[in-house]
Amino acid sequence: MGPTIKEMVTPLTFARSDDELIDALRSGHPGAAAVFYDRYATSVHRTLQSVLGRDAEIPDLLQDVFIRAIDRIGELQHLDQVRSWLTTIAVFAARAHIRRQARRKWLFLFSPDQTKQRHLEPPSSDARRALRETYRTLDTLPANERIAFVLRFIEGMTLPEAAAAAGVSLATLKRRLSRAEKKFVARVRERPLLEQWLQEGTRWTLEKQS
Amino acid sequence: MDSREAELSRVVGSKIREALDAEAAAGDEIRLGRMRFIDRVTTRQVSHAFERPRAWTVTFRRLSFGMVGAAAAVAAVFVWLRLPISFQIDSDAGPAAIAGNAGDLIEANAVVPTALRFSEGSSIVLERGGQLRVLALESNGARVLVEKGAADVAIAHRHGPGKWRFEAGPVTVDVTGTRFRVDWSPESRSFGIELKEGSVIVGGECLPTPRRVQRGDNLRVSCGTPATSTTAAKMDVAAPAPVAETKPARVVAHRDTHAADVGDWRELVAAGRYAEGVHAAERAGWSRVCRSANAVELLSLADAARLSGETSRAVEALLILRQRFPGTTSAATGAFSLGRLAFEKRGAYTEAARWFATYLDEQPRGPLMGDAVGRLMEARDRAGDHTAARRDAERYLQRFPEGPYAGTARVILAD
């Protein structure tokens with residue numbers, strides 16, 4: 001079988017380094033936007049997915065993050081920080097999305113179409129069910145606490161990295177983390193499936209209970 | 001990090017991360033996001049154009065609704081006229097046309113040509129083995145770099161003069177509305193252009209002065225090696241011309257107004273000159289050609305018509321193919337192509353589903369089976385037959401869990 005059309009289209013190869021790519025973006029070089037997306041989309045997608053879980057609007061948020069980034073490309077001071085800069089934009093986009101969703105749920109409280117979980121795929125395994133439960137638990141946290149929790153524990157960032165990505169001071173991040181952790185643990189106990197899944201390999205949640 | 005925090009990070013974080021990574025939709029989401037992002041990047045001039053009038057509307061808020069409406073209509077027309085054109089890449093090598101991006105290298109493989117269709121009606125058919133890039137898109141044209149090989153070009157003449165420029169090595173071709181064939185060999189640094197309609201201006205460092213090339217002209221320019229530049233290059237003129245030895249490039253020009261008329265449609269189609277092949281078949285009598293050609297030739301002719309935008313001709317050739325050669329593999333392939341035309345060109349999803357089902361009935365293990373099931377599922381879903389679409393989705397995933405329609409199938413099953 002021959003190559004597909006996508007395989008026949010090769011992204012522009014003018015930019016080998018981030019410096020060249022950012023210069024090309026700033027000067028409006030044709031094709032630079034596509035290269036920029038291709039280079040960082042996986043990383044941004046990962047951040048959005050970590051904060052939101054499975055969400056049908058991730059493709060829209062993904063493009064939104066890159067549009068915002070291009071609009072603010074002049075603000076990027078240090079070229080070696082493109083990835084963390086994009087992570088910050090992604091976190092802000094995700095937070096706005098969480099708040100929008102919360103308002104929507106409130107406004108359409110009695111409309112099942114508006115409030116149903118918008119996962120693309122039905123649960124087909126324990127891990128997937130547990131993942132859904134995890135994000136239902138995270139849904140109960142305030143957006144800022146949820147983001148702190150996700151950046152620190154799911155994305156595995158250091159405290160300074162997580163604070164930078166969330167756009168807050170280290171002290172604020174620590175306060176949010178502490179609150180998020182307590183609430184998360186308390187709510188996990190109300191979800192037996194999730195608790196069992198998380199307990200595999202550790203006694204951490206039970207020790208917390210005792 | 002204290003031990004409790006480390007445990008939380010290790011257990012919750014790693015488990016959730018692992019489960020998220022196991023989700024199959026990441027690639028689909030990234031591709032979908034890319035498509036929307038590129039669409040927004042190419043059309044964002046529109047939103048910027050709207051931002052400026054927004055301040056104006058404050059000033060004119062007290063004007064009558066009629067005047068505001070008229071101003072908005074004028075602004076919309078203005079913006080529409082300034083919208084950069086877009087293009088799609090179409091080839092038999094893939095399941096469907098995809099949106100093209102400025103700057104990407106587009107390659108036609110050794111088996112099938114690739115067509116680029118622009119939103120204002122222009123088209124470029126890149127021949128087998130050719131490579132080109134659309135460098136920039138504007139409201140009334142584009143800048144195209146032919147890196148290698150030959151391309152058949154048809155520039156639409158709409159909304160006033162267009163602004164198209166083709167570049168091939170050091171040679172430039174400035175175009176308004178016209179049809180021509182251009183080729184460039186980077187190895188021999190040889191450039192050629194054959195005008196079928198209209199005229200163009202050919203310039204660049206290989207030619208001493210820009211030169212107008214008109215309908216019927218066939219210009220060939222040899223630019224020498226890049227290192228020798230213009231001073232070392234030589235120029236010969238086949239026909240008597242005032243340029244002889246003093247000119248730094250080799251230019252051979254001759255007029256052949258009957259080339260297209262005498263060309264056999266089979267040869268033209270085989271050479272990838274689709275639009276010409278279709279016109280030659282029309283001149284020879286389309287119905288007569290369709291009734292004398294064999295099954296393989298009919299498929300080629302239909303493909304040529306499809307790639308050059310002659311949808312109704314393609315449908316006609318395929319229906320005659322099915323009528324004349326029933327029960328053959330070619331007839332089944334014809335059914336698949338008819339489904340594709342109904343789906344992509346006319347949005348006739350019920351009809352498309354019928355043709356894809358016909359292909360599967362006639363060739364249940366045929367080479368296009370996977371694509372046919374995927375397209376059947378998509379056509380039925382779009383036609384509103386969700387029950388059948390779900391059945392097709394299950395069938396598809398069972399057979400091709402990682403196939404190109406797997407993402408769509410999962411979405412259909414989740415709805």
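Residues are numbered from 1 along each chain as its sequence is written, and chains are lettered from A in the order in which they are written. In this predicted model local features need pLDDT of at least 70, side-chain atom pairs count only at pLDDT 80 or more, and totals for chains, interfaces and linings use all residues.

Visitor: Why are H12(B) and H13(B) called roughly antiparallel?
Guide: Helix H12 (residues 349–362) of chain B and helix H13 (residues 369–383) of chain B pack at about 155 degrees, with axes 8 Å apart. Angles over 145 degrees count as roughly antiparallel, so H12(B) and H13(B) are described that way.

Visitor: Which hand does the crossing of H12(B) and H13(B) have?
Guide: The crossing of H12(B) and H13(B) is left-handed.

Visitor: Which residues of H12(B) meet H13(B)?
Guide: Among them are Phe356(B) and Leu360(B) in H12(B), while Leu376(B) and Arg380(B) are included on the H13(B) side. By class, this contact has 13 nonpolar, 1 polar and 3 charged residues.

Visitor: What makes H9(B) roughly antiparallel to H10(B)?
Guide: The axes of helix H9 (residues 295–307) of chain B and helix H10 (residues 311–324) of chain B cross at roughly 165 degrees and come within 7 Å. That angle makes H9(B) roughly antiparallel to H10(B).

Visitor: What residues make the contact of H9(B) with H10(B)?
Guide: Leu298(B) and Ala302(B) of H9(B) are among them, as are Ala317(B) and Leu321(B) of H10(B). The contact residues divide into 11 nonpolar, 1 polar and 2 charged.

How values were computed: Axes are lines fitted to C-alpha atoms, for helices over the stretch in contact, and angles run from 0 to 180 degrees between N-to-C directions. Helices (H or I, at least four residues) and strands (E, at least two) are DSSP runs, numbered from the N terminus. Angles under 35 degrees count as roughly parallel, over 145 as roughly antiparallel, 65 to 115 as roughly perpendicular and the rest as oblique. A crossing is left-handed if the near helix is turned anticlockwise from the far one by less than a right angle, and right-handed if clockwise. Two residues are in contact if their C-beta atoms, placed from the backbone, lie within 7 Å. Ala, Val, Leu, Ile, Met, Phe, Trp, Tyr, Cys and Pro count as nonpolar, Asp, Glu, Lys and Arg as charged, and the others, Gly among them, as polar.
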